[in-house]
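Dear colleague,

Please find below the structure that I am handing over to you. My notes on it follow directly after, arranged by topic.

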Amino acid sequence: MKELVIASDNKGKIREITALLDDVQLLSLKDIGFTDVIAEPYHTFEENALAKASAIYEFCGKNVFADDSGLCVLALGGEPGVDSAHYSGTRNDVQNLNKVLAELEGQTDRSAYYKAVICLIWDGETYFFEGRCDGEITQAPEGNDGFGYDPIFKPNGFEETFGDIPLNIKNTISHRGKAIAKMIAFLQQQDV
Ligand code: IMP
């Protein structure tokens, strides 16, 4: 069975992907003994995902994937985008989403989308898989589930935010869920 490293410390992502991938042995950063923080200095999700995957590939030489994701608000010129994790200058989810609400005050166009880009390095070749989820920013936070900007993001076709939508439903329509599905389809075509 081939090994595949997840270049993430996010336990939720690891659990979700472990449930989806039967034919590959998934390894965490802990499993490979990687403890450094990987810099994400770039202005695109693609470049940051590539930076993370490449750093791990250089460290261990194993097949690896990394994802980079964020919220893009049209009236804010695509912000917070690649800066989503620290938009308010902190990594605090509530402060970050409050900054988005403050920036959007008085705006009628509240459309936004989440984007996720996965970079996979498989047998020395690099592949990208992308997912996008369109929706709008609510006037105030709703719901306690999810993380990040989920309480203020209402996906198109739903009356509730990702703060209220159960995870198993979110995974079928989310940016990350779609990108992972594409990677899984690719891996199923490989000789794993
Ligand atoms: P990561 O690089 O996938 O860990 O996420 C980057 C940042 O984008 C997170 O810290 C969140 O602020 C935001 N983000 C990405 N995906 C989601 C999501 O599914 N829900 C809420 N926030 C998200």
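**Helix α2 and the residue F45**

F45 is placed in helix α2, which covers residues 45-60. Please bear in mind throughout that this is a predicted model. With a relative accessibility of 6%, F45 counts as buried, because the limit for a buried residue is under 20%. Once neighbours within four places in sequence are left aside, F45 is in contact with D68, S69, G70, C72, G81, V82, K115 and V117. F45 can also be compared with D83: the two residues are 38 apart in sequence, and their C-alpha atoms are 9.9 Å apart in space.

**The ligand and its surroundings**

How many residues surround the ligand? There are 16, and the closest of them are S69, Y114, F147, D150 and K170. Sorted by class, this shell has four nonpolar, five polar and seven charged residues.

Two elements, β3 (64-73) and α5 (175-189), each supply at least two residues of the shell. The largest share comes from β3, with four residues.

The side chain of S69 has an N or O atom 2.3 Å from an oxygen atom of the ligand. In the side chain of Y114, an N or O atom lies 3.3 Å from a nitrogen atom of the ligand. At Y149 the backbone is involved instead: one of its polar backbone atoms is 3.3 Å from a nitrogen atom of the ligand. The ligand exposes 470 Å² when taken alone, and the protein buries 87% of that.

**K170, one of the residues closest to the ligand**

K170, which is among the residues closest to the ligand, is found in helix α4 (residues 167-173). Is K170 buried or exposed? K170 is buried, its relative accessible area being 7%. Its side chain makes a polar contact of 2.9 Å with the side chain of D150, and D150 is likewise listed among the residues closest to the ligand. Not counting residues up to four places away in sequence, K170 touches F147, D150, F162 and I165.

**Salt bridges**

A search of the whole structure finds ten salt bridges. I describe several of them here.

One of these joins the side chains of K2 and D123, with an N to O distance of 3.1 Å. K2 belongs to strand β1 (residues 2-6) and D123 to the loop between β4 (111-122) and β5 (125-137), so this pair ties together parts that lie 121 residues apart in sequence. K2 is partly exposed, at a relative accessible area of 28%.

Another salt bridge brings together the side chains of E136 and K154, at 3.7 Å from N to O. Since E136 lies in strand β5 and K154 in strand β6, the pair ties together parts 18 residues apart in sequence. Leaving out residues up to four places away in sequence, K154 touches G135, E136, T138, E159, E160 and T161.

The side chains of D134 and R132 also meet in a salt bridge, here at 2.9 Å from N to O. D134 is partly exposed, with a relative accessible area of 32%, and R132 counts as partly exposed too, at 38%.

Finally, E40, K52 and D68 are linked in a network of salt bridges.

**Backbone features to check by eye**

Where does the chain contain a cis peptide bond? The bond joins E79 and P80, and its omega is about 0 degrees. P80 is placed in the loop between β3 and α3 (93-103).

D123, described above as the salt-bridge partner of K2, has a further feature. D123 is not a glycine, yet it has a positive phi of about 50 degrees. Its position is in the loop between β4 and β5.

With kind regards

How values were computed:
Residues are numbered from 1 along each chain as its sequence is written. This is a predicted model: local features need pLDDT of at least 70, side-chain atom pairs count only at pLDDT 80 or more; totals for chains, interfaces and linings use all residues. Side-chain values use heavy atoms; hydrogens and water are left out. A residue is near a molecule or strand if one of its heavy atoms lies within 4 Å of it. A polar contact is a pair of N or O atoms within 3.5 Å; within protein, one must be able to donate a hydrogen and the other to accept it, and residues adjacent in sequence count only if both atoms are side-chain atoms. Accessible areas come from the Shrake-Rupley method with a 1.4 Å probe; for residues, only the protein chains shown count as cover. Ala, Val, Leu, Ile, Met, Phe, Trp, Tyr, Cys and Pro count as nonpolar, Asp, Glu, Lys and Arg as charged, and the others, Gly among them, as polar. Contact means heavy atoms within 4.5 Å. A salt bridge is a side-chain nitrogen of Lys or Arg within 4 Å of a carboxyl oxygen of Asp or Glu. Buried means under 20% relative accessible area, exposed over 50%, partly exposed in between (1.4 Å probe, protein chains only).
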